[in-house]
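Let's take a look at how a protein can hold on to its ligands.

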Amino acid sequence: MTGWTLGIETTAHTFSFGLIDADGLPYPSASDILRPDKGGIHPREAADHHKDVAASLFTKALDSQNLKPSDISAIAYSQGPGLGPCLRVGAAVARGLATRMEVPLIGVNHCVAHIEIGRQQCGCDDPVLLYVSGGNTQVIARLNGRYRVLGETLDIGIGNMLDKFARNQGIPFPGGPKIEQLALQYLEREPHPTMEGLQLPYAVRGMDLTFSGLLTAAQRLIDNGAPLDAVCWSLQEHAFASCVEVAERAMAHTGKSELLLGGGVACNQRIRTMCEEMAEDREGRSFAPPKMYCIDNGTMIGLLGWLELKKRNTSLEQSAIDQYLRTDQTPIVWS
Ligand code: ATP
Ligand code: FE2
């Protein structure tokens, strides 16, 4: 690639453009996140938001590196998985720009992009991945040319569970960061906490996880008068421990010694620390990318596009979105 690759992310609440230079180096994204006043994300409202912000964000992204449109030599976009109406906006913008600029188009797998930006940022080689976001919770390892899902949530994503619990307490989206703050506040007033009166169900089912029972049980604690900050602490401890347990088993089964965190929930310091402690116990290492590359961002889409474009591109006929694209559907054609 001789010029810059532009990445476009629109799987859910975030519209984001990111840039990758000719050598494959990533630059921070220009993003705008829809934050509804109340309720969850409505796919059509999010799609309208994305249409409204696309043009000004495009200018902002180019200006951030003093680029002209003619400096862009490829367009990458999230082809799936995600919310249909949101994905369609990103794909339409991508097709329009690629056609207008006469540059190659590449549709990429959003989940795999979370992994590749993590590998690039952390310099790890062959990790087990703990991908914890709003919509997804998966433990993944690279085997025979694909990222294989070894375990995953059987119901809602861990971030979704945190956001729903928060919303029920009147905390606006995204709830995860506020829950982290409240848990820290609890630890300040209760430096040696116990689980007494704060127990929640354990979410591990073999190599899989479930979070909706945890959500209901945490709400029940609140309804029975437990303090919100204490429940936030317990909720984090239970939810994160279950993810770390599955990740540890995946490391044991695959014989891999690196662990890599990705997805928005990987912004949380507590889950980072738990992963580091687990990996150290196994004489391995745990890595987590900077927060701006944990949450949804166009840069990771650009990076995966840059990697894949060495081997393939996406014709307009193949460019339809796939809401249900799976992590293991994408052959790893790069190294
Ligand atoms: P995906 O499409 O990959 O499922 P997503 O649409 O959920 O991604 P992300 O930006 O990857 O988007 O993740 C957003 C989630 O991350 C939200 O659920 C949010 O509450 C959660 N999150 C962000 N920061 C924190 C934090 N500090 N602690 C816990 N959760 C957090
Ligand atoms: Fe994501």
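Sort the shell around ligand 1 by class and you get nine nonpolar, 14 polar and three charged residues. Keep in mind that this is a predicted model. In total, 26 residues surround ligand 1, and the protein covers 93% of the 640 Å² of accessible area that ligand 1 has on its own.

**Who lines the shell**

**Polar contacts with ligand 1**
- His110 uses its side chain here, with a polar atom 3.0 Å from an oxygen atom of ligand 1.
- Gly176 uses its backbone instead, placing a polar atom 3.0 Å from an oxygen atom of ligand 1.
- Asp296 also has a polar backbone atom in reach, 2.9 Å from a ligand 1 oxygen atom.

**The iron ion**
- His110 (NE2), His114 (NE2) and Asp296 (OD) coordinate the iron ion (ligand 2), at 2.0 to 2.2 Å.
- Along the chain, these donors follow the spacing H-x3-H-x181-D.
- His110 sits in helix 3, while Asp296 is in the loop between strand 12 (285-287) and helix 9 (298-308), so this pair links parts of the chain 186 residues apart.
- Are His110 and Asp296 buried or exposed? Both are buried.

Definitions and conventions:
Residues numbered from 1 in each chain as written. Chains lettered and ligands numbered in written order. Predicted model: local features only at pLDDT ≥ 70, side-chain atom pairs only at ≥ 80, totals over all residues. Heavy atoms only, no water. Near = heavy atom within 4 Å. Polar contact = N/O pair within 3.5 Å; in protein donor to acceptor, adjacent residues only side chain to side chain. Areas by Shrake-Rupley, 256 points an atom, 1.4 Å probe, with all protein chains shown as cover. Nonpolar A, V, L, I, M, F, W, Y, C, P; charged D, E, K, R; others polar. Donors = N, O, S within 2.8 Å, 3.2 Å for Na, K, Ca; no water. Helix = DSSP H or I, 4+ residues; strand = E, 2+ residues; numbered from the N terminus. Buried < 20%, exposed > 50% of the residue type's maximum accessible area, 1.4 Å probe, protein only.
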